[in-house]
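Subject: Structure handover

Hello,

Here is the structure I said I would pass on. Please look through it first, then read the notes below with it open.

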Amino acid sequence: MILYVLKDKSDYSTLVEKLNENSASFKVLNLYGKNLVLAWPDQNTKGIIDSSIEIAVEVKKSYVLASNDWKKQPTVVNVKDVEIGSKKVIVAAGPCAVESEEQVLTTAKAVKRAGASLLRGGAYKPRTSPYSFQGIGEEGVKILRRVGDEVGLPIVTEIMDTRDSTIFTQYVDMIQIGARNAQNFSLLKEVGKLGKPVLLKRGMGNTVEEWLQAAEYILLEGNGNTVLCERGIRTFEKSTRFTLDIGGMVAAKLMTHLPICADPSHPAGKRELVHSLALAAVAAGADMLLVEVHPHPEKALSDSEQQLTPESFEVLMDRVRALARALGRDA
């Protein structure tokens with residue numbers, strides 16, 4: 001694969017003509033303020049020279065745009081002035097599922113007071129069993145929006161269906177792609193077109209390379225505001241709900257310029273494990289944490305065993321701040 005980074009304000013029409021003459025496949029897009037042309041296969045692009053080209057990068061990896069072969073500087077994703085991928089470790093916190101406005105407001109006030117920068121909550125819930133609580137849908141998104149505006153926190157929530165794109169464009173600050181949709185390529189492409197920051201979770205059975213290839217679908221639509229989220233993979237181990245792949249997270253940080261988030265709640269499955277997994281992720285270099293918090297976890301309609309109380313979350317934030325300072329970062 002050849003990636004042509006074009007000169008600013010250059011006319012690349014002759015480059016397109018040359019690619020067509022060579023029967024090459026190509027895609028023109030704008031990413032991170034640069035006009036780019038992706039062209040393949042390699043044998044159809046060799047020897048092409050054009051005055052519009054600033055640099056030509058031959059990328060051997062299957063995740064061209066997500067690769068740091070061409071973009072050496074780490075990407076910082078901005079969500080309404082919250083910068084993910086900079087010096088500060090960003091924490092998004094809130095309930096697993098939106099149940100009521102009172103529940104979300106109580107939680108939002110608590111997590112903001114403790115130091116969270118984003119409010120998370122599930123309005124649409126992808127559940128393994130069709131008989132489990134499925135979320136309250138559009139009304140849940142609107143509750144998050146109202147509460148986020150009231151307490152001053154940007155919101156992140158999961159999309160499950162391309163038919164809900166209009167709702168997410170109107171109300172949501174950061175769109176989450178869940179683990180079960182990590183390779184739903186139609187959804188990835190649609191979300192890429194929306195232009196909103198994206199939080200892409202790793203599929204529970206995906207390799208690191210497949211995770212980065214999923215991100216490629218989003219970037220290929222011209223949306224570089226993508227954060228990768230490690231949320232645990234399925235292994236033979238049953239003492240935790242999933243296995244938080246810290247090694248895979250570190251490998252991803254070395255392979256891509258995109259920021260990395262860790263979700264300690266889902267792999268833990270038990271609230272007593274969440275603190276340690278969260279701190280391990282920060283120590284390994286995570287740029288962001290996604291933590292589930294509920295005012296009364298024992299009454300939660302989904303994932304009650306892994307959600308922290310507001311008091312426990314406050315303790316976690318104190319620990320994250322202390323660790324971040326020791327590592328020369330902020331939180």
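A term to settle before the distances: the domain bounds used here come from an automatic or database domain assignment. The model itself is predicted, so please read everything below as computed from that prediction.

Domains

The protein chain is split into domain 1, residues 2–58, and domain 2, residues 77–327. Taken over C-alpha atoms, the centres of domain 1 and domain 2 are 36 Å apart.

Where do the two domains touch? On one side of the contact are six residues of domain 1, and on the other are eight residues of domain 2. The size of an interface is often given as the accessible area lost when the parts come together. For domain 1 and domain 2 the buried area is about 490 Å², and carbon and sulfur atoms give 62% of that. On the side of domain 1, K27, L31 and Y32 lose the most area to domain 2, and together they make up 70% of what that side buries.

How many salt bridges cross the interface of domain 1 and domain 2? The rule finds zero. It does find one residue pair in polar contact across this interface, with both residues at pLDDT 80 or more. Strand β2, residues 25–31, supplies the largest share of the side of domain 1 that touches domain 2, namely four residues. Sorted by class, that side of domain 1 has four nonpolar residues, one polar and one charged.

Aromatic pairs

The count of aromatic pairs comes to three. One of them joins Y32 and W70; the pair is tilted, with 6.3 Å from centre to centre and 40° between the planes. Y32 lies in the loop between β2 and β3 (34–40), while W70 lies in the loop between β4 (53–58) and β5 (77–79), so the pair ties together parts that are 38 residues apart in sequence.

Salt bridges

The structure as a whole holds 21 salt bridges. Among them is the one between the side chains of E138 and K142, at 3.2 Å from N to O. Why are these two about one helical turn apart? Because E138 and K142 are four residues apart in helix α3, residues 138–151.

Backbone details

The peptide bond from W40 to P41 is cis, with omega near -10°, and P41 lies in the loop between β3 and β4. K9 has a positive phi, near 60°, and is a residue other than glycine. K9 is found in the loop between β1 (2–6) and α1 (13–21).

Regards

Methods. Residues are numbered from 1 along each chain as its sequence is written. Side-chain values use heavy atoms; hydrogens and water are left out. Contact means heavy atoms within 4.5 Å. Buried area is the accessible area (1.4 Å probe) that two parts lose on being put together, summed over both. A salt bridge is a side-chain nitrogen of Lys or Arg within 4 Å of a carboxyl oxygen of Asp or Glu. A polar contact is a pair of N or O atoms within 3.5 Å; within protein, one must be able to donate a hydrogen and the other to accept it, and residues adjacent in sequence count only if both atoms are side-chain atoms. Ala, Val, Leu, Ile, Met, Phe, Trp, Tyr, Cys and Pro count as nonpolar, Asp, Glu, Lys and Arg as charged, and the others, Gly among them, as polar. Rings of Phe, Tyr and Trp (its six-membered ring) pair if their centres lie within 6.5 Å; planes under 30 degrees apart count as stacked, over 60 as edge-to-face and the rest as tilted.
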